[in-house]
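Could you walk me through this model in my viewer? I would like to know what to select at each stop and what is there.

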Amino acid sequence: MDIIIKDGLIIDGTGRNGYYADLLIENHKIEAIGQDLTAENYKVIDASNKVVAPGFIDMHCHADLTILKVNTAEAYLMQGVTTMVVSICGIGLAPANEKVRKYYADFITKLFGSEELTLYDTLQHYFSRIEEAGISPNLVFFIPHGNVRACVLGIEERPPTETELEEMKQIVSDGMDVGAFGLSTGLIYPPGSLSTTEEIIELCKVVQGYGGIYNSHMRNEDTGVVAKGMGELVKIVRQTGIQAQISHWKAGGRFAWKLTPQMISTIQLARDRGLNIYADMYPYQEAASSLSGVLLRPWVYKNFEKHLSNPGTRQKIMDETMEMIYSSFLQDAPQYIKILPKYLIRELIFWFIRKKL
Ligand SMILES: [Zn+2]
(Lines give C-alpha, C1' and ligand atoms only; values in the text may rest on other atoms or scores of the structure.)
Protein backbone atom coordinates (compact mmCIF):
# COMPACT_ATOMS: atom_id res chain seq x y z
CA MET A 1 0.00 0.00 0.00
CA ASP A 2 1.22 3.53 -0.77
CA ILE A 3 1.78 6.01 2.01
CA ILE A 4 1.24 9.74 2.13
CA ILE A 5 2.96 11.61 4.96
CA LYS A 6 0.88 14.74 5.34
CA ASP A 7 1.58 18.30 6.50
CA GLY A 8 5.05 17.70 7.94
CA LEU A 9 7.86 20.23 8.04
CA ILE A 10 10.29 18.74 5.54
CA ILE A 11 13.98 19.18 6.28
CA ASP A 12 15.67 17.27 3.52
CA GLY A 13 19.29 17.36 4.61
CA THR A 14 20.52 19.41 1.65
CA GLY A 15 20.91 22.51 3.77
CA ARG A 16 17.86 24.35 2.38
CA ASN A 17 15.28 25.75 4.77
CA GLY A 18 12.49 23.50 6.00
CA TYR A 19 9.13 23.71 4.18
CA TYR A 20 5.66 22.24 4.67
CA ALA A 21 4.57 19.62 2.16
CA ASP A 22 3.16 16.12 1.71
CA LEU A 23 5.31 13.20 0.75
CA LEU A 24 4.13 10.23 -1.32
CA ILE A 25 5.81 6.86 -0.91
CA GLU A 26 5.21 4.19 -3.57
CA ASN A 27 6.94 0.80 -3.52
CA HIS A 28 9.20 1.92 -0.64
CA LYS A 29 10.40 4.92 -2.66
CA ILE A 30 9.64 8.63 -2.39
CA GLU A 31 7.64 9.34 -5.55
CA ALA A 32 6.52 12.90 -4.97
CA ILE A 33 6.84 15.82 -2.59
CA GLY A 34 4.22 18.53 -2.94
CA GLN A 35 0.98 20.07 -1.75
CA ASP A 36 -2.24 18.08 -1.26
CA LEU A 37 -0.95 14.84 -2.75
CA THR A 38 -3.30 11.92 -3.34
CA ALA A 39 -2.96 8.40 -4.71
CA GLU A 40 -5.16 5.39 -5.53
CA ASN A 41 -5.08 3.36 -2.42
CA TYR A 42 -3.03 4.80 0.34
CA LYS A 43 -2.49 5.14 4.04
CA VAL A 44 -2.10 8.60 5.58
CA ILE A 45 0.40 9.42 8.27
CA ASP A 46 -0.42 12.76 9.86
CA ALA A 47 2.86 14.62 10.39
CA SER A 48 1.45 18.01 11.37
CA ASN A 49 3.62 19.62 14.06
CA LYS A 50 6.33 17.12 13.20
CA VAL A 51 9.52 17.17 11.16
CA VAL A 52 9.96 14.82 8.21
CA ALA A 53 13.64 14.13 7.52
CA PRO A 54 15.82 11.45 5.96
CA GLY A 55 17.36 9.00 8.43
CA PHE A 56 20.23 10.33 10.51
CA ILE A 57 23.74 8.98 10.33
CA ASP A 58 25.47 8.14 13.60
CA MET A 59 29.08 8.84 12.70
CA HIS A 60 30.50 6.99 15.68
CA CYS A 61 29.01 3.80 16.97
CA HIS A 62 30.17 0.42 18.27
CA ALA A 63 26.92 -1.36 17.41
CA ASP A 64 28.80 -3.87 15.27
CA LEU A 65 29.78 -5.61 18.51
CA THR A 66 26.16 -6.33 19.45
CA ILE A 67 24.04 -5.95 16.30
CA LEU A 68 23.42 -9.69 15.97
CA LYS A 69 21.87 -9.75 19.45
CA VAL A 70 19.67 -6.72 18.83
CA ASN A 71 19.29 -6.90 15.08
CA THR A 72 16.24 -4.64 14.97
CA ALA A 73 18.16 -1.83 16.74
CA GLU A 74 14.94 -0.09 17.77
CA ALA A 75 16.80 2.20 20.19
CA TYR A 76 18.46 3.77 17.16
CA LEU A 77 15.55 3.70 14.73
CA MET A 78 13.25 5.37 17.23
CA GLN A 79 15.69 8.26 17.42
CA GLY A 80 15.69 8.51 13.63
CA VAL A 81 19.11 6.93 13.12
CA THR A 82 19.10 4.67 10.07
CA THR A 83 22.81 4.46 9.31
CA MET A 84 25.58 3.70 11.76
CA VAL A 85 29.32 4.02 11.18
CA VAL A 86 30.87 1.03 12.92
CA SER A 87 33.98 -1.01 13.61
CA ILE A 88 35.84 2.09 14.65
CA CYS A 89 38.49 3.01 17.25
CA GLY A 90 40.48 0.11 15.81
CA ILE A 91 38.11 -2.43 17.41
CA GLY A 92 35.78 -4.86 15.66
CA LEU A 93 34.71 -8.48 15.33
CA ALA A 94 36.58 -9.08 12.08
CA PRO A 95 39.09 -9.87 10.70
CA ALA A 96 40.36 -12.36 13.25
CA ASN A 97 42.69 -15.30 13.67
CA GLU A 98 43.89 -17.11 16.80
CA LYS A 99 46.13 -14.20 17.83
CA VAL A 100 43.22 -11.78 17.57
CA ARG A 101 40.92 -14.12 19.48
CA LYS A 102 43.46 -14.29 22.28
CA TYR A 103 43.84 -10.52 22.27
CA TYR A 104 40.08 -10.10 22.57
CA ALA A 105 39.79 -12.66 25.34
CA ASP A 106 42.71 -11.12 27.26
CA PHE A 107 42.08 -7.51 26.58
CA ILE A 108 38.86 -6.35 24.93
CA THR A 109 36.44 -8.34 27.06
CA LYS A 110 38.18 -7.00 30.18
CA LEU A 111 38.44 -3.52 28.77
CA PHE A 112 34.72 -3.25 28.14
CA GLY A 113 33.64 -5.74 30.77
CA SER A 114 31.76 -7.54 28.02
CA GLU A 115 30.96 -11.20 27.72
CA GLU A 116 32.96 -13.33 25.34
CA LEU A 117 32.62 -12.10 21.77
CA THR A 118 32.29 -14.20 18.63
CA LEU A 119 34.90 -13.16 16.10
CA TYR A 120 34.94 -13.77 12.34
CA ASP A 121 37.91 -14.68 10.16
CA THR A 122 37.19 -12.01 7.59
CA LEU A 123 34.90 -9.03 7.19
CA GLN A 124 33.17 -10.97 4.41
CA HIS A 125 32.31 -13.77 6.87
CA TYR A 126 30.86 -11.24 9.27
CA PHE A 127 28.90 -9.46 6.52
CA SER A 128 27.37 -12.79 5.41
CA ARG A 129 26.38 -13.58 8.99
CA ILE A 130 24.74 -10.14 9.33
CA GLU A 131 22.89 -10.55 6.05
CA GLU A 132 21.68 -13.96 7.12
CA ALA A 133 20.35 -12.61 10.42
CA GLY A 134 18.83 -9.53 8.80
CA ILE A 135 19.25 -6.17 10.51
CA SER A 136 17.24 -2.93 10.45
CA PRO A 137 19.86 -0.18 10.08
CA ASN A 138 22.52 0.36 7.43
CA LEU A 139 26.04 -0.26 8.70
CA VAL A 140 29.09 1.53 7.33
CA PHE A 141 32.05 -0.71 8.17
CA PHE A 142 35.66 0.23 8.76
CA ILE A 143 38.58 -2.19 8.99
CA PRO A 144 39.75 -2.09 12.61
CA HIS A 145 43.50 -1.52 12.70
CA GLY A 146 43.77 -3.25 16.10
CA ASN A 147 42.62 -6.48 14.48
CA VAL A 148 44.91 -6.03 11.49
CA ARG A 149 47.93 -5.53 13.73
CA ALA A 150 46.97 -8.30 16.16
CA CYS A 151 46.41 -10.73 13.24
CA VAL A 152 50.07 -10.38 12.38
CA LEU A 153 51.87 -9.28 15.56
CA GLY A 154 49.55 -10.20 18.42
CA ILE A 155 50.22 -7.54 21.05
CA GLU A 156 53.94 -7.40 20.54
CA GLU A 157 55.44 -3.98 21.25
CA ARG A 158 57.52 -3.50 18.12
CA PRO A 159 57.18 -2.25 14.56
CA PRO A 160 56.34 -4.86 11.90
CA THR A 161 59.08 -6.26 9.68
CA GLU A 162 58.74 -5.62 5.99
CA THR A 163 57.06 -8.99 5.41
CA GLU A 164 54.69 -8.42 8.33
CA LEU A 165 53.78 -5.00 7.00
CA GLU A 166 53.00 -6.57 3.63
CA GLU A 167 50.73 -9.05 5.40
CA MET A 168 48.94 -6.21 7.16
CA LYS A 169 48.51 -4.34 3.87
CA GLN A 170 47.01 -7.45 2.32
CA ILE A 171 44.45 -7.73 5.15
CA VAL A 172 43.50 -4.09 4.65
CA SER A 173 43.23 -4.60 0.93
CA ASP A 174 40.99 -7.66 1.44
CA GLY A 175 38.70 -5.60 3.67
CA MET A 176 38.45 -2.82 1.10
CA ASP A 177 37.70 -5.39 -1.61
CA VAL A 178 34.59 -6.61 0.22
CA GLY A 179 33.18 -3.14 0.87
CA ALA A 180 34.80 -1.56 3.93
CA PHE A 181 34.79 2.25 3.83
CA GLY A 182 38.31 2.57 5.16
CA LEU A 183 40.61 1.94 8.11
CA SER A 184 39.89 2.85 11.73
CA THR A 185 42.53 3.27 14.43
CA GLY A 186 42.35 3.39 18.21
CA LEU A 187 45.77 4.77 18.98
CA ILE A 188 45.36 4.89 22.74
CA TYR A 189 44.41 1.22 23.03
CA PRO A 190 46.79 -1.66 22.54
CA PRO A 191 47.74 -2.83 20.02
CA GLY A 192 47.05 0.47 18.18
CA SER A 193 49.04 2.33 20.82
CA LEU A 194 52.05 0.16 19.96
CA SER A 195 52.06 1.21 16.31
CA THR A 196 54.21 3.88 14.72
CA THR A 197 52.97 6.68 12.49
CA GLU A 198 54.88 5.10 9.60
CA GLU A 199 52.88 1.89 9.93
CA ILE A 200 49.59 3.81 9.76
CA ILE A 201 50.85 5.79 6.77
CA GLU A 202 51.67 2.60 4.87
CA LEU A 203 48.24 1.10 5.58
CA CYS A 204 46.48 4.37 4.71
CA LYS A 205 48.19 4.35 1.33
CA VAL A 206 46.38 1.08 0.59
CA VAL A 207 43.05 2.57 1.70
CA GLN A 208 43.69 5.71 -0.32
CA GLY A 209 44.19 3.51 -3.39
CA TYR A 210 40.52 2.52 -3.01
CA GLY A 211 39.37 6.09 -2.32
CA GLY A 212 38.64 5.07 1.29
CA ILE A 213 38.66 7.04 4.53
CA TYR A 214 40.97 7.05 7.54
CA ASN A 215 38.87 7.20 10.74
CA SER A 216 40.94 7.85 13.83
CA HIS A 217 40.60 7.73 17.56
CA MET A 218 43.77 9.77 17.86
CA ARG A 219 46.85 9.01 19.95
CA ASN A 220 46.16 11.95 22.22
CA GLU A 221 42.92 13.74 23.04
CA ASP A 222 43.96 15.77 26.07
CA THR A 223 46.77 18.27 26.55
CA GLY A 224 48.62 16.77 23.59
CA VAL A 225 45.56 16.84 21.32
CA VAL A 226 47.01 19.43 18.93
CA ALA A 227 50.73 18.64 19.07
CA LYS A 228 50.51 14.84 19.22
CA GLY A 229 47.00 13.72 18.24
CA MET A 230 46.11 16.11 15.43
CA GLY A 231 49.77 16.59 14.51
CA GLU A 232 50.06 12.90 13.68
CA LEU A 233 46.73 12.81 11.84
CA VAL A 234 47.65 15.81 9.68
CA LYS A 235 51.00 14.19 8.89
CA ILE A 236 49.25 10.97 7.78
CA VAL A 237 46.80 12.91 5.59
CA ARG A 238 49.58 15.04 4.11
CA GLN A 239 51.71 12.05 3.21
CA THR A 240 48.92 9.90 1.76
CA GLY A 241 46.31 12.35 0.47
CA ILE A 242 43.65 10.31 2.24
CA GLN A 243 40.39 11.75 3.56
CA ALA A 244 40.38 11.62 7.37
CA GLN A 245 37.68 11.61 10.00
CA ILE A 246 38.62 12.47 13.58
CA SER A 247 36.52 10.32 15.89
CA HIS A 248 34.88 11.90 18.93
CA TRP A 249 36.99 15.06 18.63
CA LYS A 250 37.55 16.57 22.07
CA ALA A 251 39.80 18.49 24.43
CA GLY A 252 39.74 15.97 27.24
CA GLY A 253 40.40 17.23 30.75
CA ARG A 254 40.25 20.71 32.21
CA PHE A 255 43.87 21.58 31.34
CA ALA A 256 43.21 20.94 27.64
CA TRP A 257 40.13 23.15 27.29
CA LYS A 258 42.21 26.19 26.40
CA LEU A 259 43.39 24.34 23.27
CA THR A 260 39.94 24.33 21.62
CA PRO A 261 40.57 27.40 19.38
CA GLN A 262 43.87 25.87 18.28
CA MET A 263 42.15 22.57 17.47
CA ILE A 264 39.68 24.37 15.23
CA SER A 265 42.35 26.45 13.53
CA THR A 266 44.47 23.31 12.92
CA ILE A 267 41.64 21.79 10.88
CA GLN A 268 40.98 25.11 9.15
CA LEU A 269 44.63 25.49 8.21
CA ALA A 270 44.84 21.91 6.94
CA ARG A 271 41.72 22.41 4.82
CA ASP A 272 43.07 25.69 3.45
CA ARG A 273 46.05 23.66 2.26
CA GLY A 274 43.75 21.24 0.48
CA LEU A 275 43.73 18.43 3.05
CA ASN A 276 40.47 16.59 3.52
CA ILE A 277 39.90 16.45 7.27
CA TYR A 278 36.57 16.11 9.08
CA ALA A 279 35.61 15.52 12.68
CA ASP A 280 32.66 14.28 14.68
CA MET A 281 31.75 15.06 18.26
CA TYR A 282 29.59 13.68 21.03
CA PRO A 283 26.31 15.61 21.34
CA TYR A 284 26.97 15.89 25.09
CA GLN A 285 29.72 17.23 27.34
CA GLU A 286 31.09 14.06 28.85
CA ALA A 287 33.32 11.45 27.23
CA ALA A 288 33.58 7.77 27.92
CA SER A 289 36.18 5.08 27.66
CA SER A 290 37.53 2.32 29.80
CA LEU A 291 40.00 3.65 32.35
CA SER A 292 41.75 0.30 32.40
CA GLY A 293 42.20 0.45 28.63
CA VAL A 294 43.79 3.87 28.81
CA LEU A 295 45.88 3.40 31.94
CA LEU A 296 47.05 -0.21 32.01
CA ARG A 297 49.95 -1.48 29.93
CA PRO A 298 49.31 -4.43 27.58
CA TRP A 299 51.47 -6.83 29.63
CA VAL A 300 48.94 -6.62 32.47
CA TYR A 301 46.33 -8.32 30.30
CA LYS A 302 48.52 -11.23 29.37
CA ASN A 303 47.72 -12.76 32.74
CA PHE A 304 45.20 -10.37 34.16
CA GLU A 305 43.93 -12.16 37.29
CA LYS A 306 47.38 -13.40 38.27
CA HIS A 307 48.98 -9.98 37.89
CA LEU A 308 46.27 -8.29 39.92
CA SER A 309 46.48 -10.79 42.74
CA ASN A 310 50.28 -10.77 43.03
CA PRO A 311 51.44 -7.98 45.44
CA GLY A 312 54.67 -7.41 43.48
CA THR A 313 53.06 -6.97 40.08
CA ARG A 314 50.16 -5.07 41.63
CA GLN A 315 52.62 -2.48 42.97
CA LYS A 316 54.23 -2.26 39.53
CA ILE A 317 50.78 -1.75 37.94
CA MET A 318 49.97 1.04 40.40
CA ASP A 319 53.29 2.80 39.76
CA GLU A 320 52.86 2.59 36.00
CA THR A 321 49.25 3.77 36.28
CA MET A 322 50.38 6.83 38.22
CA GLU A 323 53.01 7.58 35.60
CA MET A 324 50.34 7.33 32.92
CA ILE A 325 48.08 9.72 34.84
CA TYR A 326 50.94 12.24 35.13
CA SER A 327 51.89 12.05 31.51
CA SER A 328 48.33 12.02 30.16
CA PHE A 329 46.42 14.33 32.41
CA LEU A 330 48.79 16.39 34.56
CA GLN A 331 51.52 17.34 32.11
CA ASP A 332 50.06 20.80 31.56
CA ALA A 333 48.64 21.23 35.03
CA PRO A 334 49.25 24.61 36.68
CA GLN A 335 52.60 24.96 38.48
CA TYR A 336 51.02 24.85 41.95
CA ILE A 337 49.80 21.33 41.23
CA LYS A 338 52.99 20.18 39.55
CA ILE A 339 55.21 21.19 42.49
CA LEU A 340 53.27 18.90 44.82
CA PRO A 341 55.22 15.73 45.60
CA LYS A 342 54.03 12.77 43.54
CA TYR A 343 52.99 10.72 46.58
CA LEU A 344 50.70 13.55 47.64
CA ILE A 345 49.11 13.76 44.18
CA ARG A 346 48.67 10.02 44.33
CA GLU A 347 46.95 10.26 47.73
CA LEU A 348 44.71 13.06 46.40
CA ILE A 349 43.71 10.99 43.35
CA PHE A 350 42.88 7.94 45.46
CA TRP A 351 40.99 10.14 47.92
CA PHE A 352 39.04 11.60 45.01
CA ILE A 353 38.28 8.19 43.51
CA ARG A 354 37.12 6.83 46.90
CA LYS A 355 34.88 9.87 47.34
CA LYS A 356 33.35 9.38 43.87
CA LEU A 357 32.75 5.68 44.42
ZN1 LIG B 1 37.26 5.80 20.36
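Start by selecting the five strands of the open sheet, which run in the order E9-E10-E11-E12-E13 with parallel pairing. Strands here are DSSP runs of at least two residues (E), helices are runs of at least four (H or I), and both are numbered from the N terminus; two strands pair if DSSP finds at least two bridges between them. This is a predicted model, where local features need pLDDT of at least 70, side-chain atom pairs count only at pLDDT 80 or more, and totals for chains, interfaces and linings use all residues. Residues are numbered from 1 along each chain as its sequence is written.

Now colour the edges: strand E9 (143-144) and strand E13 (277-279) each pair on one side only. E9 is joined to strand E10 (residues 182-186) by two bridges, and these strands run parallel. Click on Ile-143 and then on Leu-183, its bridge partner in E10.

Next, show helix H6 (residues 197-209), which packs on the sheet and touches E10 and strand E11 (213-217). The direction of H6 makes about 155° with that of E10 (axes are lines fitted to C-alpha atoms, for helices over the stretch in contact, and angles run from 0 to 180 degrees between N-to-C directions).

Now select Val-172. Beyond its neighbours within four places in sequence, Val-172 is in contact with Ile-143, Val-148, Leu-183, Leu-203, Val-206 and Val-207 (contact: C-beta atoms, placed from the backbone, within 7 Å).

Finally, zoom out to see domain 1 (2-52), domain 2 (56-287) and domain 3 (303-356), with bounds from an automatic or database domain assignment. The C-alpha centres of domain 1 and domain 2 lie 37 Å apart.

Notes: Contact = placed C-beta atoms within 7 Å.
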